[in-house]
Amino acid sequence: MNAHEPSEGLVGRSLLRREDEHLLRGRGRFLDDLPEPRHTLHLAFVMSPHAHARIVGIDASAALSLPGVVAVLTGDDFAPLIKPVTTLINHPSYRPTGRDPLARDKVRFVGEQVAVVLAETPYIAQDAIEQIVVDYDVLPGVSDAREATLDGAPQIHDNAPDNILMADEFKTADFDAVFAAADVVVEDEFKIGRIAGLSLEPRGCLAMCDHIPGAVTLYTSTQVPHLVRSALSVHLGISESLIRVVAPDLGGGFGIKSQIYPEEFIATALALKFRRPIKWVQDRREDLLTSVHARDHRYEAAIAATKDGVITALRVKMYSNAGAYSSFPFGCAMEVIGPRRYVPGPYKIQNSFFRTFGVCTNTAPTGAFRGVGAPGTYLVLEGLIDRLARRLNLDPLDVRLRNTIRPEEIPYTHAHGGQIDSGSYVPALDRARAMIDYDRFRAAQPADRLVNGRLRGIGICQFSEGSGFSTAAWRARGLVAVPGIASALIRIDQDGQILAHVSHTSSGQGHGTVFAQLVAERLGANYDDVTIVQSDTASVPYGSGTFASRGTITGGGAIIRAARELQEKLKRFAGFVLNVDASSIVLEGSRARRSDAPDVSVSFAEIGKVAYSFDPMGFPQGEQPGLEATAYYEPPMATIGNAIHIAIVSVGPEDGSTRIEKYVVVHDNGTTINPLLVDGQVQGATAQGIGGALMEEIVYDGEGQLLSGNLLDYLVPTALDIPDFDLAHMESPSPSTEGGFKGMGEGGVIGGLAAITNAVADALAGTGANVNCVPLRPSRIVEMMDTAK
């Protein structure tokens, strides 16, 4: 885009990501690219090989004798340095699980750290951990959430004798009567496998003392710099004003890097203790062992309906595997309370009963990952709708249509109080139906699904996507340490260039592009005059960070408010320079023009010289110098987008292989700033949904030993596994948010998982196989068909 091109119409334009050239030319600065300061010490951790064991003793003498080893520390050494990290959840059933940065008396999952080595090089540190001998008293372990709640299961924490960390129940007043009066009830059990976030760049951090006495700077691969700063202050007993947290370029995050980990506390504490820079970079094995996992849910669910396919009630019982500890700061509340807030989603189901349990097991902690509990919840709901359609001999899409919220019913309030304030549910469904030529496919589909030697099926997932949650929304889930705010500071310097400091961290979303588009349009500036600054707590006002598809909603909202204030000041200064009233000033193309005489104008640079006293003409009366504005934005309770995914697949009847033949997405995220980048978000998220549906799974044995600790055993989709997507956008701007924005970063995972699963189930309908668990690896599909026989 030409620097002098007018700013009008920037929102809604598919500009190429300005970050791409920087990254593709190798100019990115990821954690391990940062220059190492002199005298840097490197960390390496001794990790438990056992899922459940008492620590009897640790002998570090051999490691300490190695040249270059500076120190070996254990959990007891950190007791005076770091408080146990405890996730606070305000819920009557919650049992907190404090976690020491290094295990002290007991380990509770394979990979839990028990000792740390500081050495002059990372290679010496790795050699040293091999020399440390830990004596364990091995205890029985348990890895399955439902089994962990049974009598006689190993007890993991003293305050949770049944291993249940949290339980929640929600039931509408008329549920029992409505459910009992139904013409038909369809029920089944479902299981969604455990998965890893597997960002391209594993985690890492670099901590160092600052030139200010007592101050420390932490560079860390995080999505939430301000939350990390707050956590360090609380747990290390340091004022936040003395802590600077910087997130360099992130090689992916997906929510995994919105958690706060022991290594960040340990590196910071050791930098202060030893007065030397401390560096740690994770390898892939450590990532699969210790970065939070996700999903691992078991469901017992049922829907009740009339004989015409109108759903009258929904019942769900869910066990969520929380792992060995409630992860920080979100804990198990995300999965336990989330399901009853995700659904009924696009459907008019006014009676529901949810019972959900967050269960402790001898596995790595689970936490926020793209989609959180929504992919599993919609896998269940959409799977039950397909089963209902088969039971009643109705078309699955038509059953959805007769239960979907119609345009004239919006705004619509669900029984749990959640409100749909806008959306394109029926229009999106109709459009997707046409795009994939659904009716023709169904008309040609044989009963046994066999076409040219393969079983062909079609699957649907219609959903609503909650995003951009407010502080009140996090409090409703019991989370007391997670705010929902965002901030923006926009400054025009005396040369007319614009810096926008936004409290978000980009991990590939394109913030530097879309935020610049928004700033430029709202200020009437040239796009190329705008630079976006993020991820440094020393320069960016406080904000919660980037997670829960909140970037455009909250960051965009803060930008709009700050730009609105700055625009008024610009007009006042321009009116002063041009000797007219501010109300007659129009801002466009980084110039201020008189509305009655467009040829009479002044550039932002010329205004900047006046505002910063580089021009002798002085200030408008009563004005302060400078051109900047800061704004905070608290979004509404939740912002709801919607989408529908429809997939056509074929399955090999002998080998269980699955091929995706066609894939359609219709998505509505309200006002769209950059359609090209929205396409990228939807495509990337859907690829992850496909991975969860067909191949990705973290596998533990029954006692908690990890069996998929490398990328030979943990499979992820490649470009060969992902189809070309046929995407369409619809726009129903939210009346509740600044700019009308809605989130869209997680919808692809939700839709991809359920659409592919339902397509495979439809392909296998003629075999009698019950498709109720994912991932659907070929061996599992063959097993399902064999069981049906």
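This is a predicted model: local features need pLDDT of at least 70, side-chain atom pairs count only at pLDDT 80 or more; totals for chains, interfaces and linings use all residues.
The protein is split into domain 1 (20-28 + 485-633), domain 2 (34-139 + 198-290) and domain 3 (374-412 + 423-467 + 638-788). Each domain is written as more than one stretch of the chain. Take domain 1 and domain 3 as a pair. Their C-alpha centres are 41 Å apart. The two domains are in contact, with 18 residues from domain 1 and 17 residues from domain 3 taking part.

Now look at a sheet. Five strands form an open sheet in the order E18-E19-E27-E28-E29. The pairing in this sheet is mixed. Which strands stand at its edges? They are strand E18 (450-451) and strand E29 (725-730). Each has a single partner strand, so one side of each has no neighbour in the sheet. Helix H21 (residues 747-763) touches strand E19 (454-467), E27 and E28. The direction of H21 makes about 155° with that of E19.

Strand E27 covers residues 639-651, and strand E28 covers residues 658-668. They pair in the antiparallel sense, over 10 bridges.

A second sheet has 3 strands. It is open, its order is E4-E2-E6, and its pairing is antiparallel. E4 and E6 stand at the edges. Each of these two has a single partner strand, so one side of each is left without a neighbour in the sheet. Strand E2 (residues 53-59) therefore sits between E4 and E6 in the order, with E4 and E6 at the edges. How many bridges join E2 to strand E6 (residues 133-138)? There are 6, and the two strands run antiparallel. E2 also pairs with strand E4 (residues 106-107), again in the antiparallel sense, over 2 bridges.

Alanine 53 stands opposite valine 107 in E4. Alanine 53 also has a bridge partner in E6, valine 138. Further along, glycine 57 stands opposite aspartate 135 in E6.

Strand E8 is the next stop. E8 and strand E13 (residues 293-305) run antiparallel and are joined by 12 bridges. E8 has another pairing, with strand E30 (residues 773-774). That pairing is parallel and has 2 bridges. Here lysine 191 stands opposite cysteine 773 in E30.

The model has 7 cavities of 30 Å³ or more.

Strand E8 (184-196) and H21 each give two or more residues to the lining, as does helix H20 (675-694). Among the lining residues are Ile192, Gly193, Arg295, Gln688, Leu753 and Val774. The lining divides into 5 nonpolar, 4 polar and 1 charged residues.

The last stop is a pocket. The second largest pocket has a volume of about 350 Å³. It is lined by 17 residues. Phe45, Met47, Glu130, Arg285 and Leu289 lie nearest its centre. Strand E1 (41-47), helix H4 (122-129) and helix H9 (284-290) each give two or more residues to the lining. Sorted by class, the lining has 9 nonpolar, 4 polar and 4 charged residues. Which domains each give at least three residues to it? They are domain 2 (34-139 + 198-290) and domain 3 (374-412 + 423-467 + 638-788).

Terms used
Residues are numbered from 1 along each chain as its sequence is written. Side-chain values use heavy atoms; hydrogens and water are left out. Two strands pair if DSSP finds at least two bridges between them. Helices (H or I, at least four residues) and strands (E, at least two) are DSSP runs, numbered from the N terminus. Contact means heavy atoms within 4.5 Å. Axes are lines fitted to C-alpha atoms, for helices over the stretch in contact, and angles run from 0 to 180 degrees between N-to-C directions. On a 1 Å grid over the protein atoms alone, a cavity is a set of points where a 1.4 Å probe fits but cannot get out, and a pocket is an open set with protein on both sides within 12 Å along at least five of seven lines; lining residues have an atom within 4 Å of a point. Grid points are joined across faces, edges and corners, and a volume is the space filled by probe spheres set on the points. Ala, Val, Leu, Ile, Met, Phe, Trp, Tyr, Cys and Pro count as nonpolar, Asp, Glu, Lys and Arg as charged, and the others, Gly among them, as polar. Domain bounds come from an automatic or database domain assignment.
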